Amino acid sequence: MHRFQLRTTLCYGPEALGELSGLSGRRVLIVTDGFMVSTPLMARVRDQLGDAIVEVFDQVQPNPDINAVTAGLRAYNAFDPQAVLAIGGGSAIDTAKVVRKLAIEQGRHAESGFFILPTTSGTGSEVSSYAVVTDHKSHAKLPLESSDMVADVAILDPEAVRTAPPRLTADSGMDAISHAVEAYVGKGHNDFSDALAEKSLRLAHQYLVRSFLDGDDMEAREHQHTAATMAGIAFENSSLGIVHGLSHSIGGSFRVAHGRLNGILLPHVIAFNAGELGFAPSGLTPTARRYAALAAALGLTAASQRNLVPALCEWIKKLRRDLEMPASITEAGVNRSEYVAAIPRIAQQAAGDYCTSGNPVPAGTEQLAAILTAIA
Ligand SMILES: [Fe+2]
């Protein structure tokens, strides 16, 4: 018996923000960052909230750590909200999720619900039960998982991503693509997650570069936003893999955007998982067949089925170029010798990462170190 969980109500498309008017008259805690507070989006949110009593916790930091979460919990306890509304990218959403989970553990449940309004198209955090908290001391990114962290309502309004700058659009878009690809081949893949991963990639194929080139292209923004959420539902109900295991571990030590790291890692991880693209003499490995099927679903063509796997890698590399993203860690601005020196530690950390266990092919410290070396 398997389970496919659909718990979050998705309000999507233009005017999806209108859903917030249902919170009028309630005590609403908004969790966001200092920048967001003075944006036109926040003014629109407040407008929709009508006569709600609003408290804003705006101390969200990039890569939230335990201190940021503790500060959020203090704000929660002081205000005692009926609803929590997270507004922002992964950091704001993850902070709100962990704060809510801790509040529930203390018996303080905001009964009017948990709302998430993402301002980037990528993390999938609005539909997942995961949050990542950084431990600055050990350089570890700790993924937490709990059903208490699942949103009741995700508001996918393209207006909320309209002002995301091109760099952020590219990074979060590549994150979404890595979610779809990893979910498709991950150990937990199933017919439902496959469908969402395929459709997510087809939408990204059509709309990601358009969103990057023209942030005001609202048709592209809307579909790229749904693509990211679809990829989120896919991985929530399948698994991720070593792109994320490695990316979490590198990101704990070096300041490179998560999606940018994923874009660097993806072609190397596909090559590794597919069997170094050489394949067994008996034909494609089961995982290579999955990648080939995904390439075919994307409409990519090749002379033979086995050539569909490199075609998928080439598709990602071309997308990376079109999005002006780096192809290696050094191109991403990391000091080469510092990075090389850290590889053994990062490989060890990645081997223990939660996402690594979902990878379709077993990957130990040695194999992970080889991939880390290849992307230098
Ligand atoms: Fe991710």
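Strands here are DSSP runs of E with at least two residues, helices are runs of H or I with at least four, and both are numbered from the N terminus. By that rule, Ile 30 lies in strand S2. Everything below describes a predicted model, where local features need pLDDT of at least 70, side-chain atom pairs count only at pLDDT 80 or more, and totals for chains, interfaces and linings use all residues. Residues are numbered from 1 along each chain as its sequence is written.

A residue is called buried if 20 or more other C-beta atoms lie within 10 Å of its own, exposed if 12 or fewer, and partly exposed in between, with C-beta atoms placed from the backbone. Ile 30 has 27 C-beta neighbours inside 10 Å, so it counts as buried. What does Ile 30 touch, leaving out residues up to four places away in sequence? Its contacts are Val 54, Val 56, Phe 57, Leu 85 and Ile 87; a contact needs C-beta atoms, placed from the backbone, within 7 Å. Ile 30 and Pro 81 sit 51 residues apart in sequence, with 9.4 Å between their C-alpha atoms.

S2, helix H1 (residues 40–49) and S3 form a right-handed β-α-β unit. Right-handed means that, with the strands pointing away from the viewer, the path from the first strand over the helix to the second runs clockwise.

**Strand pairing**

Two strands pair if DSSP finds at least two bridges between them.

| Strands | Sense | Bridges | Facing residues |
|---|---|---|---|
| S2 and S3 (residues 53–57) | parallel | 5 bridges | Arg 27 and Ile 53 |
| S2 and S4 (residues 83–88) | parallel | 4 bridges | Val 31 and Ala 86 |
| S1 (residues 9–12) and S8 | parallel | 4 bridges | Tyr 12 and Leu 156 |
| S5 (residues 113–118) and S8 | parallel | 2 bridges | Ile 116 and Ala 154 |

S8 (residues 153–156) is covered on both faces: Val 153 and Ile 155 on one side, and Ala 154 and Leu 156 on the other, are all buried. In a regular strand, side chains alternate between the two faces of the sheet.

**Where the domains meet**

The protein splits into domain 1 (9–163) and domain 2 (167–374), with bounds from an automatic or database domain assignment. Their C-alpha centres are 27 Å apart. The contact draws 24 residues from domain 1 and 29 residues from domain 2. On the domain 1 side, S1, S6 (130–135), S7 (140–145) and S8 each supply at least two residues, and S7 gives the most, with 3 residues. That side divides into 10 nonpolar, 11 polar and 3 charged residues. Here Ala, Val, Leu, Ile, Met, Phe, Trp, Tyr, Cys and Pro count as nonpolar, Asp, Glu, Lys and Arg as charged, and the others, Gly among them, as polar.

**Helix H7**

How many of the 12 residues of H7 are buried? The count is 11, so H7 is largely enclosed by the rest of the structure. Among them are His 244, Ser 247, His 248 and Ser 249. The cover over the buried residues of H7 includes S6, S7, H4 (166–185), H8 (258–273), H11 (336–351) and H12 (365–374).

Note on methods:
Contact = placed C-beta atoms within 7 Å.
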